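Open the model in your viewer and keep the selection tool at hand. The tour goes from the whole chain to single residues.

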Amino acid sequence: MINKYKPQIPYFVEQLRQSGEDFELLTIQDLEANTEWLESNFPITFAGRIDWQKVPQSFCIKYSDYDELLSAFAKIVSEQQLEGNLILSWSNGLTLPIRANMNVVKKYAEEIFEEDWDTWICNEQDQWIIENHHDGEICFGKCRTANEKL
């Protein structure tokens with residue numbers, strides 16, 4: 001039997017390889033584990049996005065084009081002082097996730113957001129996530145357990 005659902009490598013991976021960036025291409029199993037982490041730490045709507053109204057101390061920024069998206073992303077990273085090893089995933093469940101540090105993510109933010117309609121950038125260790133939704137909104141919040149410690 002032929003498996004018609006082949007995992008896909010994100011388009012910009014070759015660019016990362018050619019520039020010698022430090023990153024790791026993860027597996028579908030890693031994506032499943034990351035999805036479980038997300039679903040156990042954030043309320044999810046029926047449409048599959050995070051229900052930000054139920055995440056204490058979270059916020060969203062509306063944008064209308066890529067320049068505004070990139071500016072909003074940079075603002076979130078700067079104001080929240082985000083860093084660390086991150087997992088990048090997209091709405092296409094066949095696109096393999098990537099693990100990279102914040103410096104790589106900042107440098108390739110445009111390529112990361114252009115990869116698919118929706119993007120999640122999370123730090124499981126520090127328990128936060130950024131969700132870029134195709135309706136023109138980028139949001140930031142901390143996990144339920146991280147909020148309980150506040």
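Colour the chain by secondary structure and follow it from the N terminus: the elements run α-β-α-β-α-β-β-α-α-β-β-β-α. That makes six helices and seven strands. Keep in mind that this is a predicted model.

Now show the C-alpha atoms alone. Along the principal axes they fill a box of roughly 45 × 35 × 30 Å. The radius of gyration is 15 Å, which agrees with the value near 15 Å for a compact globule of 150 residues. Buried residues make up 45% of the 150 residues in the chain.

**Salt bridges**

How many salt bridges does the structure hold? There are eight; the next stops visit some of them.

Select Glu 14 and Arg 17. Their closest N and O atoms are 3.9 Å apart, and the two form a salt bridge. Both lie in helix α1 (residues 13–18), and because they are three residues apart there, about one helical turn separates them. Glu 14 is partly exposed at 41% relative accessibility, and Arg 17 is partly exposed at 45%.

Next, select Glu 24 and Arg 99, a salt bridge with 3.4 Å between the closest N and O atoms. This pair links distant parts of the chain: Glu 24 is in strand β1 (residues 23–25) and Arg 99 in strand β4 (residues 98–101), 75 residues apart. Glu 24 has a relative accessible area of 40% and is partly exposed; Arg 99, with 31%, is partly exposed.

Move on to Asp 51 and Lys 54, whose side chains meet in a salt bridge at 3.6 Å, N to O. Which side of the cut-off is Asp 51 on, buried or exposed? Asp 51 has a relative accessible area of 17%, so it is buried, the limit being under 20%. Lys 54 is exposed, at 59% relative accessibility.

Then select Arg 49, Lys 62, Glu 131, Asp 135 and Glu 137 together: salt bridges that share partners join them into one network.

**A negative patch**

Select Asp 65, Asp 67, Glu 68, Glu 110 and Glu 114, which form a negative surface patch. Helices α3 (66–80) and α5 (109–114) each supply at least two of the patch residues. Glu 68 sits in helix α3 and is partly exposed, with a relative accessible area of 37%.

**Last stop**

Select Gln 127, in the loop between β5 (119–123) and β6 (128–133). Gln 127 counts as buried, at 18% relative accessibility.

Key
Residues are numbered from 1 along each chain as its sequence is written. This is a predicted model: local features need pLDDT of at least 70, side-chain atom pairs count only at pLDDT 80 or more; totals for chains, interfaces and linings use all residues. Side-chain values use heavy atoms; hydrogens and water are left out. Patches are made of residues with over 30% relative accessible area and no salt bridge: like charges are joined within 9 Å, nonpolar side chains (Val, Leu, Ile, Met, Phe, Trp, Tyr) within 5 Å. Accessible areas come from the Shrake-Rupley method with a 1.4 Å probe; for residues, only the protein chains shown count as cover. A salt bridge is a side-chain nitrogen of Lys or Arg within 4 Å of a carboxyl oxygen of Asp or Glu. Lys and Arg count as positive and Asp and Glu as negative; His and the chain ends are not counted. The place of a charge is taken as NZ of Lys, CZ of Arg, CG of Asp or CD of Glu. Helices (H or I, at least four residues) and strands (E, at least two) are DSSP runs, numbered from the N terminus. Buried means under 20% relative accessible area, exposed over 50%, partly exposed in between (1.4 Å probe, protein chains only). The radius of gyration is taken over C-alpha atoms; the globule rule is 2.2 Å times the number of residues to the power 0.38.
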